[in-house]
Amino acid sequence: MSRRGLLLFLTVAVLWGVPYLLISVALEGLGPVSVVAARVTLGAVTLLPLAWRRGLPQLLREHWRPLLLLAGVEVVAPFTLIAIGERTVPSGLTGVLIATEPLFILALSLFWGRRERLARGAGAGVALGFLGVVVLLGVKGVGGGAALVLAAAACYAVGALVMHRLFPNVPPLTVTAGMLALAAGPLLVAAAVLEPTPQITARVLLAVAALGVACTAGGFTCFFALVSAEGPARASFITYLAPVVAVVAGVAVLGEPLTSHAVAGTLLILAGAAVAARRPAKKHTESSSLPVLESSGPDAHHVSVAATGKSDAPREAE
């Protein structure tokens with residue numbers, strides 16, 4: 001992983017390691033759809049002024065259909081599923097289940113028409129990292145809420161692939177602002193129609209503000225930049241480090257005990273992420289043992305982006 005990719009990886013780990021705690025706090029005064037609507041609207045408002053000058057109007061005019069698809073699979077569906085699921089599923093178990101996203105990524109890549117070329121041992125890294133998440137947070141009974149969270153992980157995997165395939169040369173900030181803007185309106189209407197009047201407190205407001213501005217606007221922008229720099233499969237391994245952030249925050253902020261399971265799980269997670277996210281060795285012959293699926297259609301020239309995680313397209317300065 002490049003130095004820029006590593007910096008983005010660590011940033012997203014922090015921004016996506018705390019939302020489960022913030023969602024739990026926000027649910028104290030808001031319904032699940034209201035939590036999602038509030039964080040998405042705040043994220044959109046935060047990014048729109050910047051994205052408007054970077055081609056957002058043209059993106060909305062010319063590509064609103066694929067952008068609407070991305071908004072559905074990367075924002076509306078997973079955010080809502082997680083918020084509903086967290087009413088019955090502990091935030092720690094939510095982190096375990098979301099950590100299955102890389103497995104969905106690799107499975108979907110087999111049918112997507114192309115996939116990244118991963119280093120040998122990437123599969124072992126996936127297994128090692130997931131084992132670390134299980135050791136770190138434990139696995140409790142899986143019920144309806146857990147099934148919803150698993151569905152959210154699958155949605156995130158689809159969203160990463162959609163972003164990488166359909167928006168390879170668009171600045172991540174512009175794409176993020178567009179999909180949040182398209183998602184905000186329907187979510188606000190759904191929250192007003194389906195849920196009771198919210199019970200607002202300072203604690204709830206702070207949680208929603210952090211979710212919208214930092215975790216949503218900032219997190220998605222950095223994550224899509226990571227996808228652009230390293231490819232969707234390697235970027236998806238962020239789901240292994242985010243639970244580590246949650247544990248560290250619990251120890252530092254809430255005074256939770258640091259158990260041997262936490263230490264062992266953290267080490268397994270970091271080792272698994274390091275193995276799985278390695279760049280593949282370069283091959284100069286056509287007989288490479290690392291398969292790269294070919295792509296057809298108007299975007300076939302982007303196959304090298306999917307295979308190597310690199311793009312020669314100009315990227316927005318961040």
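What follows is a chat about helix packing and cavities in a predicted model.

Trainee: Hi! What should I keep in mind about the model before we start?
Mentor: The model is predicted, so local features need pLDDT of at least 70 and side-chain atom pairs count only at pLDDT 80 or more, while totals for chains, interfaces and linings use all residues. Residues are numbered from 1 along each chain as its sequence is written, and side-chain values use heavy atoms, with hydrogens and water left out.

Trainee: Left-handed or right-handed?
Mentor: The H3 and H9 crossing is left-handed, meaning the near helix is turned anticlockwise from the far one by less than a right angle; clockwise would be right-handed.

Trainee: And which residues make the contact?
Mentor: Among them are Val 36, Ala 37, Val 40 and Gly 43 of H3, and Ala 177, Leu 180, Ala 181 and Ala 184 of H9. Contact means heavy atoms within 4.5 Å. By class, there are 19 nonpolar, 5 polar and no charged residues. Ala, Val, Leu, Ile, Met, Phe, Trp, Tyr, Cys and Pro count as nonpolar, Asp, Glu, Lys and Arg as charged, and the others, Gly among them, as polar.

Trainee: Now H4 and H8: how do they run relative to each other?
Mentor: Their axes come within 8 Å and cross at roughly 160 degrees, so H4 is roughly antiparallel to H8, a label for angles over 145 degrees. H4 passes H8 in a left-handed crossing, and their contact has 21 nonpolar, 3 polar and 1 charged residues.

Trainee: What about H9 with H10?
Mentor: H9 passes H10 in a right-handed crossing. Phe 220 and Phe 224 of H10 are among the contact residues, as are Met 179 and Leu 180 of H9.

Trainee: Switching topic, how many cavities are there?
Mentor: There are 4 cavities of 30 Å³ or more. On a 1 Å grid over the protein atoms alone, a cavity is a set of points where a 1.4 Å probe fits but cannot get out, and lining residues have an atom within 4 Å of a point.

Trainee: How much space lies in the largest cavity?
Mentor: About 280 Å³, a volume being the space filled by probe spheres set on the points. The residues closest to its centre are Trp 16, Pro 19, Tyr 20, Ile 82 and Tyr 156. The lining has 17 nonpolar, 2 polar and 2 charged residues.

How values were computed. Helices (H or I, at least four residues) and strands (E, at least two) are DSSP runs, numbered from the N terminus. On a 1 Å grid over the protein atoms alone, a cavity is a set of points where a 1.4 Å probe fits but cannot get out, and a pocket is an open set with protein on both sides within 12 Å along at least five of seven lines; lining residues have an atom within 4 Å of a point. Axes are lines fitted to C-alpha atoms, for helices over the stretch in contact, and angles run from 0 to 180 degrees between N-to-C directions. Angles under 35 degrees count as roughly parallel, over 145 as roughly antiparallel, 65 to 115 as roughly perpendicular and the rest as oblique.
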